[in-house]
Amino acid sequence: MTNMTLVTALGNYPYTAGLKKGELSAPGISFKFEDVKPVNRAFAPMAREQKFDVSEMAIVTYLLAKSYNKPIVLLPAVMMARFQHNTMVYSKERGKITPKDMLTKRLAVRSWTQTTGVWIRGIFQNDYDVDLNKASWTVQEGAHVLEYKDPPELNRISMEHDLMKMLLAGEVDSVIYGADLPDDPRLATVIENPQEDAKKWYAKHKCVPINHMVCVTEKLAKSNPAAVKAVYELLKKGRDANPPKPGEPDFNPFGFDAVRPAVELVTEYAFQQRIISRRFSFDEIFADAQKILG
């Protein structure tokens, strides 16, 4: 393998620390880590212009990128996953909201294609029989993939608006939050017992909802598949050094079999919500990675 430097955008996690510190390495490969904070700011430039050789990417962003034939290859490596049942909140000061109330409420989310939003809408539709695609929605920004256009019925506002302030002021009734979920005593979750319901969901689906995975450019995959395999193996070493606690769900699954349940499920949810125009099979999603990783 010839010496090469891979421009890389990954978040700071216990399992990426060894790679970023140089404690994990492979012959002929060095990394130039871009300081992108929060890491989700790397998703749009990776999807639109393949700005990095290796990048963390939201799974729904990847599905959109694949829909528009972007030259990106997804690896079976999960950087972030979490249960989503607590992500839809309302103001307790304005009265209780339950799942069955949602179709009469004004709902908001930062972006219609935000992965957390796709998960929680899918959970409402498939587990609570509430199709939130039929609700009234306010969104702030478009998709990471420019070719995708939001449904025309969405109410679009600028990023200058503060969804939390709008919620507390009664301008919207409920908001989806991802990693930025506020810790505010005035808020309550629409799903009344999110932890308990998440446990039941996990028992049913045998997976944790995936938010972020890792992708590489198609150019790198074609020109140097050995480098891609080395990158995956280094990431896996970091992950294996920080395994899940015994008896607890795996929030960072690696490998095709390990990621299959969540990837297939979020793909179905994205199709149901008309974010992607057709269902991609699991083998279709990972065809390029399977050729490299075996």
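Analyst: Happy to. Helices (H or I, at least four residues) and strands (E, at least two) are DSSP runs numbered from the N terminus. This is a predicted model, where local features need pLDDT of at least 70, side-chain atom pairs count only at pLDDT 80 or more, and totals for chains, interfaces and linings use all residues. Residues are numbered from 1 along each chain as its sequence is written, and side-chain values use heavy atoms, with hydrogens and water left out.

User: Which helix gives the most to the lining of the largest pocket?

Analyst: Helix 2 (43-49), strand 6 (106-111), helix 4 (115-127), strand 7 (136-141), helix 5 (163-168) and strand 11 (210-217) each supply at least two lining residues. With 3 residues, the top contributor is helix 2.

User: Where is arginine 274?

Analyst: Its place is a loop, with helix 9 (256-272) on one side and helix 10 (282-285) on the other. From serine 25 it is 249 residues away in sequence, and the C-alpha to C-alpha separation is 41 Å. So the place asked for is the loop between helix 9 and helix 10.

User: Is arginine 274 buried or exposed?

Analyst: Buried means under 20% relative accessible area, exposed over 50%, and partly exposed in between (1.4 Å probe, protein chains only). Because its relative accessibility is 55%, arginine 274 counts as exposed.

User: Leaving aside neighbours within four places in sequence, what is arginine 274 in contact with?

Analyst: Contact means heavy atoms within 4.5 Å. With those sequence neighbours left aside, the partners of arginine 274 are Asn133 and Tyr148.
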